[in-house]
Amino acid sequence: MKKINLLLLMMAVLVLPFSVLADKVASDDNAENSQNQEMVIEESEDGKSKEVNVYFFRGDGCPHCAEAEDFFDSIEDEYGDLFEIKDYETWYDSSNAALLEKVAEARGETVSGVPYILIGNKSWSGYSSDFNDEIIEKIKEEYKTSVDERYDIMELIGYDDDESEEEKSYSTDVMILIIILAVSAAVVGGIVFARKKTA
């Protein structure tokens, strides 16, 4: 009888992590569906986002990057409906640093530092308030351009930001599952050890 109880307990402990992961996947799918419904409002007729992608490569702690961020924040009220910042921190994220190199190489540019800002086919290396009017004009120009005719470096190099986020989410889920299984195994091992000791 004790063996059957122990077996049932072990099965329950091993099944629990998978049910937790299934619930997480279901809630992630629901959140994604909800987010997709919201995105429909912001999409053009062909299903692509009408907002202009502003690719912003930066470094945490970089003073010029902070100035550029302040600039984008300052134009949010007036032009925020026209653009979306795609933010890539490169100093502490090696995959974003590699992406910056790939983008620069594809454009035939040498990037010696950040910030590096891309809007359509125009780029700015570094930041100065002298760039502000140029950046605003480029955002407006790109916004008037048909979504299908826009130059988008990420499409050209085959980079999918959403796929990258899904991969990060999946690896986090796997790590959580491994931790839960390890804890479950430790609990079952402790129970088995305690039963042997009392027997």
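Author: Start with the elements: helices (H or I, at least four residues) and strands (E, at least two) are DSSP runs, numbered from the N terminus. The model is predicted, so local features need pLDDT of at least 70, side-chain atom pairs count only at pLDDT 80 or more, and totals for chains, interfaces and linings use all residues. Residues are numbered from 1 along each chain as its sequence is written, and side-chain values use heavy atoms, with hydrogens and water left out.

Reader: How many helices and strands does the protein have, and what order do they run in?

Author: There are seven helices and four strands. From the N terminus on, the order is α-β-α-α-β-α-β-β-α-α-α.

Reader: What makes the negative patch a patch?

Author: Patches are made of residues with over 30% relative accessible area and no salt bridge; like charges are joined within 9 Å, and nonpolar side chains (Val, Leu, Ile, Met, Phe, Trp, Tyr) within 5 Å. Lys and Arg count as positive, Asp and Glu as negative; His and the chain ends are not counted. A charge is placed at NZ of Lys, CZ of Arg, CG of Asp or CD of Glu. By these rules Glu-67, Glu-69, Asp-70, Asp-73, Glu-76, Asp-77, Glu-78 and Asp-81 form a patch of negative charge on the surface.

Reader: Which helix gives the largest share of the negative patch?

Author: Helix 2 does, with four residues. Helix 2 (63–74) and helix 3 (76–79) each supply at least two.

Reader: Why does Glu-78 count as exposed?

Author: Buried means under 20% relative accessible area, exposed over 50%, and partly exposed in between (1.4 Å probe, protein chains only). Glu-78 lies in helix 3. Its value is 61%, so Glu-78 is exposed.

Reader: And why is Ala-104 called buried?

Author: Ala-104 has a relative accessible area of 5%, so the label is buried. Ala-104 sits in helix 4 (residues 94–107).

Reader: What is Ala-104 in contact with, its neighbours within four places in sequence aside?

Author: Contact means heavy atoms within 4.5 Å. By that test Ala-104 is in contact with Glu-109 and Val-111.

Reader: How do you know that Glu-109 forms a salt bridge?

Author: A salt bridge is a side-chain nitrogen of Lys or Arg within 4 Å of a carboxyl oxygen of Asp or Glu. The closest N and O atoms of Glu-109 and Arg-107 are 3.1 Å apart, so the pair qualifies. Glu-109, at 26% relative accessibility, is partly exposed. Arg-107, at 18%, is buried. The count by this rule is eight salt bridges.

Reader: What makes Glu-134 and Lys-122 a salt bridge?

Author: Their closest N and O atoms are 3.5 Å apart, so they meet the rule. Glu-134 lies in helix 5 (residues 132–144) and Lys-122 in strand 4 (residues 122–125), so the pair ties together parts twelve residues apart in sequence. Glu-134, at 38% relative accessibility, is partly exposed. Lys-122 is partly exposed too, at 33%.

Reader: Which residues form the nonpolar patch on the surface?

Author: Ile-179, Val-183 and Val-187 do, with about 250 Å² of accessible area together. Accessible areas come from the Shrake-Rupley method with a 1.4 Å probe; for residues, only the protein chains shown count as cover. Val-183 is found in helix 7 (residues 161–198).

Reader: What is the peptide bond from Val-114 to Pro-115, cis or trans?

Author: That bond is cis, with omega near 5°. Pro-115 is in the loop between helix 4 and strand 3 (116–119). Most peptide bonds are trans.

Reader: Why is Val-147 called buried?

Author: Val-147 has a relative accessible area of 12%, so the label is buried. Val-147 is found in the loop between helix 5 and helix 6 (153–157). Val-147 and Lys-50 are 97 residues apart in sequence, yet 6.4 Å apart in space, C-alpha to C-alpha.

Reader: How much of the protein is made up of buried residues?

Author: Buried residues make up 30% of the 199 residues. The protein exposes about 13,000 Å², and carbon and sulfur atoms supply 55% of it.
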